[in-house]
Amino acid sequence: QWINFQLVKAKPTFHKKTFLKPFHASAEFCSTCHKVHLPKALTAYKDFLRGQNHYDAWLLSGVSGHGVASFYYPPTAQTNCNGCHMKLQESDDFGAKLFAGSDKLSIHNHMFASGNTGVPAMNGFLDKVIEAHQEFLDGALRVDVFGIKAGGTIEGEFHAPLRPDVPTLEPGKPYLLETVIRTLKLGHLFTQGTVDSNEVWMDVTLKSGDKIIGRSGGMDERGEVDRWSHFVNVFMLDRKGNRINRRNAQDIFTPLYNHQIPPGAGQVVHYGFTLPEEMSEPLTVEVKLQYRKFDYEYMNIVAQQLKPNDNPIAGYERGTPYVNELPVVTLAEDSITFPIRGVDAKVENADREIPVWQRWNDYGIGLFLEGKAELKQAEQAFLKVEELNRYDGPLNLARVLLREGRVDEAGEALNRASKYTDPAPPEWTLSWFSGLVSREQLHLEEAEKNFKNILYGDSEERRSRFFDFSRDYNVRNTLGLTLFDRAKQIRTEDREIERIALLEEAISEFQNALKEDSENATAHYNLSLIYGELKQPEQEKLHRELHEKYKPDDTAQGEAVRIAREKYPAANHAAESLVIYDLQRPGAPGLKMNASAKLSSKNE
């Protein structure tokens with residue numbers, strides 16, 4: 001080591017070149033593993049299949065300062081991954097230096113907290129790693145027991161937000177519990193990395209005194225989480241409909257479902273239950289968002305492959321049933337107690353230290369991201385936000401209305417959002433949705449102005465917050481499409497020069513999109529069309545072939561999904577457009593109910 005240090009000091013340029021400085025400090029360096037594809041040589045399927053891609057989720061987020069469509073934005077952009085995952089630590093290493101804002105020599109911490117808790121635990125570093133992870137993850141996410149609906153259905157009478165007011169529940173009646181998971185400090189999708197074997201789930205318990213009357217997310221005696229729980233993961237399949245359960249990347253084909261949460265967004269999880277006919281104490285709901293690396297299914301496969309002289313896994317002895325004892329980290333939790341009609345007991349709940357408008361907004365975001373199943377409920381949530389005098393209400397309402405095709409109403413909502421001044425809506429987000437509305441209304445020149453303002457506009461706010469929206473390739477593609485559409489409107493020979501100019505400008509925008517994402521199927525497809533218009537067959541053929549290479553093979557996925565839905569009933573349930581998890585499913589780990597308790601029949 002001493003010789004190595006002397007060599008570095010003697011010729012630092014060699015060291016610098018070898019370790020890719022300054023490229024190693026950029027998000028693009030991280031993308032070499034966090035934005036990948038699987039080639040045909042690996043999959044024996046097609047030339048390009050997208051694998052893990054958390055780089056684009058960061059690039060198109062508000063956290064990076066590059067994405068225009070985020071629900072929330074930080075005070076300043078986080079321009080690379082090191083800022084979060086490699087915090088500074090004091091050091092006397094000869095490579096240490098004084099970083100901006102620090103008066104002590106420091107280096108970047110290489111523990112990469114928030115990552116893999118499983119391997120360090122198996123190597124005896126459990127306490128140190130768990131402590132570092134818990135410190136890093138503090139405040140990264142939250143869960144919120146937001147509301148409850150009478151009748152146990154989506155359309156039931158809604159009591160929200162819960163706390164300070166909490167309704168009195170009636171014995172023997174069905175209810176639907178509405179919980180929200182929110183990503184706070186993350187700059188990428190949650191969960192990250194190996195989403196097929198990461199285990200993140202909601203652990204929910206209903207108690208009345210010392211009796212557990214509802215449970216989801218419990219573990220059995222082997223340490224396997226109830227498969228009917230809500231998992232924040234991707235249920236990935238191979239071409240035969242089998243789950244990718246052993247890190248067999250070569251077989252990745254299509255997801256049955258994708259429950260990842262974008263940065264600065266929410267996810268709503270619904271739980272159905274029926275109160276027992278007889279209750280003597282209030283009802284307490286405890287909700288935890290749990291994380292474990294790795295899940296039982298994967299670790300059991302690993303254990304069964306051990307050879308006699310292999311090192312045991314966490315004390316596992318070959319030939320015995322495997323028990324997953326890898327550490328579980330609680331990422332976030334919440335609890336609430338409901339009074340029960342006819343039960344004389346004092347009930348107190350601490351108020352949530354979250355602005356009421358934000359709780360409604362997070363709930364609406366989660367419903368919106370679920371898709372078409374709950375757009376009506378999302379609309380109602382965003383109207384509540386508007387009633388609470390926040391621009392987020394009408395701005396997010398416009399997202400819902402655009403998805404439903406109610407374009408004129410979306411324009412009216414954006415007009416209302418634009419009138420807010422304290423605080424004012426992000427001008428770039430307002431321009432984005434205003435441009436989309438103008439496109440739908442065929443006001444293409446107005447749409448073009450909106451998109452160009454995003455890409456080429458400048459302001460003191462953007463500079464001070466390190467925001468640069470010229471890298472949002474979705475805006476680039478949409479501007480390119482708008483220019484292309486304008487060119488197609490020109491049908492007379494006397495305007496041919498104008499038409500060609502618009503087509504060439506569209507080409508420039510699509511090429512700029514490819515500078516950010518060279519595998520962008522949308523850009524390649526439109527470039528093939530434009531080069532066809534310009535009678536440039538070589539370029540047309542090139543981009544047509546690249547589009548064929550990079551576009552998803554949607555038609556080939558149906559059979560694998562059909563087989564998986566039959567083979568994995570719990571995952572099939574979780575893949576539905578509207579999912580209600582049964583808190584009183586017979587046989588659920590941790591649930592032992594009295595014979596007198598009336599069970600919900602939602603998912604029996």
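Two strands are said to pair if DSSP finds at least two bridges between them; strands (E, at least two residues) and helices (H or I, at least four) are DSSP runs, numbered from the N terminus. The model is predicted, so local features need pLDDT of at least 70 and side-chain atom pairs count only at pLDDT 80 or more, while totals for chains, interfaces and linings use all residues. Residues are numbered from 1 along each chain as its sequence is written, and side-chain values use heavy atoms, with hydrogens and water left out.

**Exercise 1.** Determine the order of the strands in the open sheet of five strands, and which are the edge strands.

*Solution.* Step 1: the order is β6-β5-β7-β12-β15, with mixed pairing. Step 2: β6 (158-159) and β15 (580-582) are the edge strands, since each pairs on one side only. Step 3: β5 and β6 pair in the antiparallel sense, over two bridges. Step 4: within this pair, I148 stands opposite H159 in β6.

**Exercise 2.** Describe the hairpin of β8 and β9.

*Solution.* Step 1: strand β8 (residues 199-208) pairs with strand β9 (residues 211-216) in the antiparallel sense over five bridges. Step 2: T205 stands opposite R215 in β9. Step 3: two residues lie between the strands, and G209 takes a positive phi near 65°.

**Exercise 3.** Classify the aromatic pair of Y55 and W58, and state whether these residues are buried or exposed.

*Solution.* Step 1: rings of Phe, Tyr and Trp (its six-membered ring) pair if their centres lie within 6.5 Å; planes under 30 degrees apart count as stacked, over 60 as edge-to-face and the rest as tilted. Step 2: a search of the whole structure finds 22 aromatic pairs. Step 3: Y55 and W58 form a tilted pair, at 5.7 Å centre to centre and 45° between the planes. Step 4: because they are three residues apart in helix α5 (residues 55-59), Y55 and W58 are separated by about one helical turn. Step 5: both Y55 and W58 are buried (under 20% relative accessible area, with exposed over 50% and partly exposed in between; 1.4 Å probe, protein chains only).
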